[in-house]
Amino acid sequence: MLLKEFPDINWLKNAITDNFAEKRSWDNKPLPNTGWPTAILNVKTHHVERQDIKGPFSLFLNKSGSSEITCDKKTVSIHNDTYVVSNNGQHYDLLINNKCSTETFNIHFGEKVFRDTVHSLSKNDEVLLTDIKSSSVDFNLAIKSNFRTAMFNALVQKAEFSYGNEEKENSLYELLNYLLITGNKHLTQITNILNLKSSTKEELVRRIYLAVDFIHAHFTEPITLDQMAEVAMLSKFHFLRVFKSVFGLSPHQYIKHVRLQKATELIKQNKLPLYLIAQLVGIENGSSLSRMVYQLTGQRPSTIANS
């Protein structure tokens, strides 16, 4: 279901409370099941404020402009190169308040799609042969800013432009599969690395993700270790040690990775000169960018632009 406007907030909250028992969408089209349906909200707006919505597993991103999502009292800014996911059954607030229009591409994954995907991920092949029903296993991912990779963008584009119910469903399954595996892989990595009691680990991860959100919002600007440590509310050396344990990179290596990833995407578009791309992603000059891209990819920017 593709919507070009946000559903009336009162109608939506009533439908959620009733578990969509009437099997009708906001535009009065029939729904195949009760429970949250899969919905893509591709909306252009300058201002919207939607508070305390109990959503399904959801993906929030923008084609242009910016927005803010708040879950569990944590607010994360979303720009056109980042995304945020919220968990199944989690309450969220969405805020857009910009002079320029923001175009959203938020995907609420229907409960059946989510259950089926989680079931396929949580069971091995032998079990799936005999147990085809959806399980109650759930994923609980961190509320944080995520940088949009080339793989992520390709999956979103596939979901947007697929035709027919079966093709659309398959593309959404692939995207959801990617989000769950990527998010859970990171959580597992953290669990294995940080040998601490659960409450301490959760608090450390929460603070590290505050710094990651800060990096994603400000990677075009100079960022110091002191700034990141202050955002994470940790001493400089404690922050440095924990960050490297979680990501396998130092904070400055992570920033470099984010900048190069964004620069490579812009180079592929072949629309801007190299010196301007360098300025846009926070790299000193075109020569430095060219050298860094070659070290990362083994290719010159001109080769990437013409490929």
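The legends below describe close-up views of a predicted model. Local features were taken at pLDDT of at least 70 and side-chain atom pairs at pLDDT 80 or more, whereas totals for chains, interfaces and linings use all residues. Residues are numbered from 1 along each chain as its sequence is written, and side-chain values use heavy atoms, with hydrogens and water left out.

**View 1. The open sheet of six strands.** The strands follow the order S1-S2-S10-S4-S8-S11, with mixed pairing. Strands are DSSP runs of E with at least two residues and helices are runs of H or I with at least four, both numbered from the N terminus; two strands pair if DSSP finds at least two bridges between them. The edges are formed by strand S1 (2-3) and strand S11 (146-147), each of which pairs on one side only. S1 runs parallel to strand S2 (residues 39-41), and two bridges join them. Leu3 stands opposite Leu41 of S2. Strands of a sheet pair through backbone hydrogen bonds, either parallel or antiparallel.

**View 2. Strand S8 and its two partners.** Five of the five residues of strand S8 (residues 82-86) are buried, so the strand is largely enclosed by the rest of the structure. Here buried denotes under 20% relative accessible area, exposed over 50%, and partly exposed the range in between, with a 1.4 Å probe and protein chains only. Thr82, Val84 and Ser86 point one way from S8, while Tyr83 and Val85 point the other way. In a regular strand the side chains alternate between the two faces of the sheet. Strand S4 (residues 58-60) pairs with S8 in the antiparallel sense over three bridges, and Phe60 stands opposite Val84. The pairing of S8 with S11 is also antiparallel, over two bridges; there Thr82 has Phe147 as its bridge partner.

**View 3. The largest pocket and its lining.** The volume of this pocket is about 980 Å³. A pocket is an open set of points on a 1 Å grid over the protein atoms alone where a 1.4 Å probe fits, with protein on both sides within 12 Å along at least five of seven lines; lining residues have an atom within 4 Å of a point. Of the 35 lining residues, Met1, Thr38, Val113, Lys168 and Leu172 are the closest to the centre. Helix H2 (111-122), helix H4 and helix H5 (165-193) each supply at least two residues of the lining, and H2 gives the most, with six. By class, the lining divides into 14 nonpolar, 11 polar and 10 charged residues.

**View 4. The buried side of helix H4.** Helix H4 (residues 150-161) has 12 residues and reaches 16 Å from its first C-alpha to its last, close to the 16 Å expected at 1.5 Å a residue. The expected span is 1.5 Å times one less than the number of residues. Phe152, Leu155, Val156 and Ala159 are the buried residues of H4. They cover an arc of only 100 degrees around the axis, which puts them on the same side of the helix; the arc is that of the directions from the helix axis to the C-beta atoms. An α-helix has 3.6 residues a turn, so residues three or four places apart point the same way.

View 5. In helix H7 (residues 225-232), the buried residues are Leu225, Met228, Ala229 and Ala232. These fall within an arc of 100 degrees seen down the axis of H7, so they line one face of the helix. H7 is followed by Met233, which has a positive phi near 60 degrees. In helix H10 (residues 274-281), Ile277, Ala278 and Val281 are buried. Their arc about the axis of H10 is within 105 degrees, so they too line one face of the helix. Tyr275 and Gln279, on the other side of H10, are exposed.

View 6. Most residues other than glycine have a negative phi. Phe20, in the loop between helix H1 (9-17) and S2, has a positive phi of about 50 degrees. At 5% relative accessibility, Phe20 counts as buried. Asp72 likewise has a positive phi of about 50 degrees and lies in the loop between strand S6 (67-71) and strand S7 (74-78). With 61% relative accessibility, Asp72 counts as exposed.

Methods. Points joined across faces, edges and corners; volume = space filled by probe spheres on them. Nonpolar A, V, L, I, M, F, W, Y, C, P; charged D, E, K, R; others polar.
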